[in-house]
Amino acid sequence: MRIDSFELREMKMDLQFRFETSFGVQTSRRILLVTLHADGIQGYGECVAGDTPGYSYETTDTCKTIIENVLAPRLVGREVATPDALLSILADVRGHNMAVAAVEMAFWDAWAKQLDTPLWQLLGGQLRPIPVGISIGLQDSVEATVEKAIAGVQAGYGRIKLKIAPGRDVDRVAGVREALPDVNLTVDANSAYNLSDTPRLRELDAFGLDYIEQPLAHDDLIDHAELQRQLATPVCLDESIHSPEDARKGLQLGSGRIINLKVGRVRGFRDARRVHDVAQAFGAPVWCGGMLESGIGRAANLHLSTLEGFSLPGDTSSASRYWADDIIEESLEARNGLQVVPENGPGLGVHLNERVIEDATTDVRTVG
Ligand code: OSB
Ligand code: MG
C-alpha cells in the first residue's frame, strides 16, 4: 500500500464512572485517533496511552509528538506491503510502543480492508463469542466495592476484577468473596506493593482468586519471581511485559503464570501475536487487557481475543459502561458476559460516528 497521509485527531471523552487505581483517578480520557490514508482506503488506530504517565511513561502528549514528528513523516509517501515492513521502518524507535501500536493498528485495518478480510481472520483467530469481565476501580468502602461487584454479576459478567492498593485490599476481597462465593474473582494492584508486603499478599491466597495482577514494580521480573514462589495464587503480569522477549523471560523466571496482553503496551498486533505464541509455548494463558478504550480500540481488542491462547475472560466489557456516546456506530455490548466480534465490513468491522467524533474533537493535525 502507498501511504498518502495520516490524520491525528485528539478527542476528550467523559467516563461514565470515576476510575481510581493505585496510580490515580480518572473521570475523562484524552484519546488519539489515527487515520491512515492509503490507496483510497482509510485505516483507523486508537492510541491507548493515558492522560498522565501513571500506568506507563507514554501519555497522549508523548504519543502525539512521536507520531506527528517521527513515525508519520517516515511512512508518508512510502510503499509499505505488510505490518512487518511497517515495523521494520520504525525499528530504531526505542520504546514509545503505544504510539507505534496506534499507527500499526491503522495499517492493519487498512490492509485488511484492501484484502476484504475481517481483522480476526488476518490475525489467525477463530471467530467465537469473547468472554469478558469487568474491572472495578478502587472504592472508598468495602460496601461500595461489594455493591459494584454484585451489579457486575447481575449485568451478566462472570469475572470480576477489583483494583487493590495497600490498606484497601484484603477487606475488599473478603467482602466480595463472601457476597459472591462462586464468581471468578481477580485483583489488580498496578504495581502498588513490594516484596516486604508478601505476608499481606499471601492472605489473598485464602480467597481462591484466579490471579493477582501486577503486584510489584512496573519494570520488575525478579521480585515477581520471588513473590510467585511464595504465593499459591498465580501472578498475572501486565505492566512488566512490553515485548515477546519480556514474556519469555518472565515465564522462564517464573515471575508469573498468566499474561494480560494489551496491543498498545507491546507495540501492536504483530508483537501481541508473538507474545501470545510465547505464552502458548509455556502453556501460560493470556487474556486481553483494557485501557478504557473507545470504539476503535475496543473493536481491536475483540479481534485480538479470537486467538486461541486467550483462554481467560478479558477486560473488553460493554462500551456503554464507559461512554454515553461511543465514537463508532456499532454498539459493542456484552450479553451474559460475552462480546461479539464486530464484522460490519472488513478490517475492524466498525464505522465511525462522525457526529460524536466532531463533538469530542479538541485538535486535528495532518501529516502528508
Ligand atoms: O491495569 O489493566 C489495567 C485501565 C487503565 C490502565 C490500566 C488498567 C486499566 C484497567 C481497566 O484495568 C480495564 C478496562 O476496563 O478497560
Ligand atoms: Mg492491569
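Biologist: Is Asp84 buried, partly exposed or exposed?
Modeller: In this predicted model, Asp84 has a relative accessibility of 40%, so Asp84 counts as partly exposed.

Biologist: And Arg274, how accessible is that one?
Modeller: Arg274 is partly exposed as well, at 38% relative accessibility.

Biologist: How far apart are the closest N and O atoms of Arg274 and Asp84?
Modeller: They are 3.9 Å apart, and the two residues form a salt bridge. This pair links distant parts of the chain, with Arg274 in helix α10 (residues 269-281) and Asp84 in helix α2 (residues 83-89), 190 residues apart.

Biologist: Which residues are joined into one network by salt bridges that share partners?
Modeller: The network holds Glu10, Arg30, Asp61, Lys64, Glu68, Asp363 and Arg365. Within it, Lys64 and Glu10 form a salt bridge whose closest N and O atoms are 2.5 Å apart. Lys64 belongs to helix α1 (residues 60-75) and Glu10 to strand β1 (residues 3-21), so the pair ties together parts 54 residues apart in sequence.

Biologist: Is Lys64 buried or exposed?
Modeller: Lys64 counts as buried because its relative accessibility is 11%, under the 20% limit. Glu10 is likewise buried, at 7%.

Biologist: How many salt bridges are there by this rule?
Modeller: The count comes to 29.

Biologist: Where is Glu104 found, and what does Glu104 touch?
Modeller: Glu104 is in helix α3 (residues 97-114). Not counting residues up to four places away in sequence, its contacts include Pro83, Leu86, Arg267 and Phe269.

Biologist: Changing topic: how many aromatic pairs does a search of the whole structure find?
Modeller: The search finds eight. One of the pairs is Tyr211 with Trp287; the ring centres are 5.4 Å apart and the planes are at 20°, so this pair is stacked. Tyr211 lies in the loop between α7 (198-203) and β8 (212-213), and Trp287 in strand β11 (residues 286-288), 76 residues apart.

Biologist: Are Tyr211 and Trp287 buried or exposed?
Modeller: Tyr211 and Trp287 are both buried.

Biologist: Which residues form one aromatic cluster?
Modeller: The cluster consists of Phe17, Phe19, Tyr322 and Trp323. Arg321 lies over the face of Tyr322, at 5.3 Å from the ring centre.

Conventions: Residues numbered from 1 in each chain as written. Chains lettered and ligands numbered in written order. Predicted model: local features only at pLDDT ≥ 70, side-chain atom pairs only at ≥ 80, totals over all residues. Heavy atoms only, no water. Phe/Tyr/Trp six-rings, centres within 6.5 Å; stacked < 30°, edge-to-face > 60°. Helix = DSSP H or I, 4+ residues; strand = E, 2+ residues; numbered from the N terminus. Buried < 20%, exposed > 50% of the residue type's maximum accessible area, 1.4 Å probe, protein only. Lys NZ or Arg CZ within 6 Å of the ring centre and 35° of its normal. Contact = heavy atoms within 4.5 Å. Salt bridge = Lys/Arg side-chain N within 4 Å of Asp/Glu carboxyl O.
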